[in-house]
Amino acid sequence: MTHGLREAIYVRVLGSLMARVLAQAAPGLVLDGALGTQLLDQDGLSASPTQRVRPVCALSVDQPERVRTVYAAYFAAGADVIHTNTFGATRHDLAPAGRSDVRAINLGAALLAREVRPAGRWIIGDVSPPWRPDLDEATLVDGHAEQASFLMEGGVDALHLETQHAVREVTAGLAGLRRGAPGLPVWVSFALNDTGLESVSGVPLQELVAAVGPDEPERPLVLGLNCSLRPDRMLEAFTLARALDPRFLLFQPIAGDPDVGPAAFAAAGRAALDRGAHAVGGCCGTGPAHIAALRAALA
Ligand SMILES: [Zn+2]
């Protein structure tokens, strides 16, 4: 690939001048691994019901040192980009847990990341799907817009609407991000079921991509796959996704149940880059050892 094309893709992903610098040397961007499962592992909490009682994203306010430690471990492992600890940090997601400190949680997560960020690395604001059919579209858009504005205030370089699975949710999420954080690059990634052709809730990938729509002028979108699939299965799905839309550039498989070791994870990440990915990281079950192995495999 020519430097010119690589540069264009990196600027699409991160929208910054530094992306041009990195594009001259790097084979692809290394993202972080899981944040939630790393933080939950620290005290053995399990994800779903507990998150309602004490959301993991609230740790950025309640126990910031724990979050700072995980962020720093990913940068130390060689990640170019880390995600903020803001999964579930919208007003509509925090309300059932009795939390309304939406600004403190989002701003705190971004500022903690900036404290440990080495020069020349990036921070991406993480935004999750609501899984809330009970909420109307305006509430979802408002919630995402508010979160995006706080993340932008915290100085993130881009936003990532991740683990998307439903047309209604991705449409509302994207509208909210565009309204709340004008100008920031946006990544949208989908969680697919074992078919590799539809989301975990059974929506064809083609419909989800159509719902995302074309790029905005001056603000290209980046698409990807994250969560739900192990590396080998996600590689197959990624190839199909790229045939559907060349904007698919992100690859973030899971590594859990049963565990995928760092070496196998890194080999799949390398293969994804060979198949057109430009940003590779891990989702649930991955940790700093997976990211370090990936970084070493790209050296
Ligand atoms: Zn995941």
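# Reading contacts and helix packing

User: Leaving aside its neighbours within four places in sequence, which residues is A34 in contact with?

Analyst: Two residues are in contact if their C-beta atoms, placed from the backbone, lie within 7 Å. By that test A34 is in contact with G282, C283, C284, G285, T286 and G287. This is a predicted model: local features need pLDDT of at least 70, side-chain atom pairs count only at pLDDT 80 or more, and totals for chains, interfaces and linings use all residues. Residues are numbered from 1 along each chain as its sequence is written.

User: Where does A34 lie, and is A34 buried or exposed?

Analyst: A34 lies in the loop between β1 (29–30) and α3 (36–43). Helices (H or I, at least four residues) and strands (E, at least two) are DSSP runs, numbered from the N terminus. A34 is buried because 27 other C-beta atoms lie within 10 Å; the cut-offs are 20 or more for buried, 12 or fewer for exposed, and partly exposed in between, with C-beta atoms placed from the backbone. The C-alpha atoms of A34 and I291 are 10.0 Å apart, although 257 residues separate the two along the chain.

User: What share of the contacts in the chain with a separation of 6 or more comes from residues 24 or more positions apart?

Analyst: The share is 79%. The chain has 14 helices and eight strands, and 54% of its 299 residues are buried.

User: How is the packing of two helices described?

Analyst: By the angle between their axes and the distance between the axes. Axes are lines fitted to C-alpha atoms, for helices over the stretch in contact, and angles run from 0 to 180 degrees between N-to-C directions. Take helix α6 (residues 64–77) and helix α8 (residues 102–116): their axes are 9 Å apart, at an angle of about 50°. The pair is therefore oblique (under 35 degrees is roughly parallel, over 145 roughly antiparallel, 65 to 115 roughly perpendicular, the rest oblique). In α6, the residues P64, V67, R68, Y71, A72 and F75 meet G108, A109, L112, A113, E115 and V116 of α8. That contact has nine nonpolar, one polar and two charged residues (Ala, Val, Leu, Ile, Met, Phe, Trp, Tyr, Cys and Pro are nonpolar; Asp, Glu, Lys and Arg charged; the others, Gly among them, polar).

User: At what angle do α8 and α9 pack?

Analyst: At about 40°, with axes 8 Å apart. α8 and α9 are therefore oblique as well. On the α8 side, V102, R103, N106, L107 and A110 meet E146, Q147, F150, L151 and E153 of α9. Five nonpolar, two polar and three charged residues make up this contact. The buried residues of α9, among them L140 and M152, also pack against α7 (91–94), β3 (122–127), β4 (158–164) and α10 (167–180).

User: Which residues of α12 are buried, and what covers them?

Analyst: An α-helix has 3.6 residues a turn, so residues three or four places apart point the same way. In α12 (residues 231–244), the buried residues are P231, M234, L235, A237, F238 and A241. Their cover includes α11 (205–212), β6 (221–226), β7 (248–252) and α13 (262–274). The axes of α12 and α13 come within 9 Å and cross at roughly 10°, which makes α12 roughly parallel to α13. P231, D232, L235 and F238 in α12 meet A264, F265, A268, A271 and A272 in α13, a contact with eight nonpolar, no polar and one charged residue.

Terms used: The expected span of a helix is 1.5 Å times one less than its number of residues.
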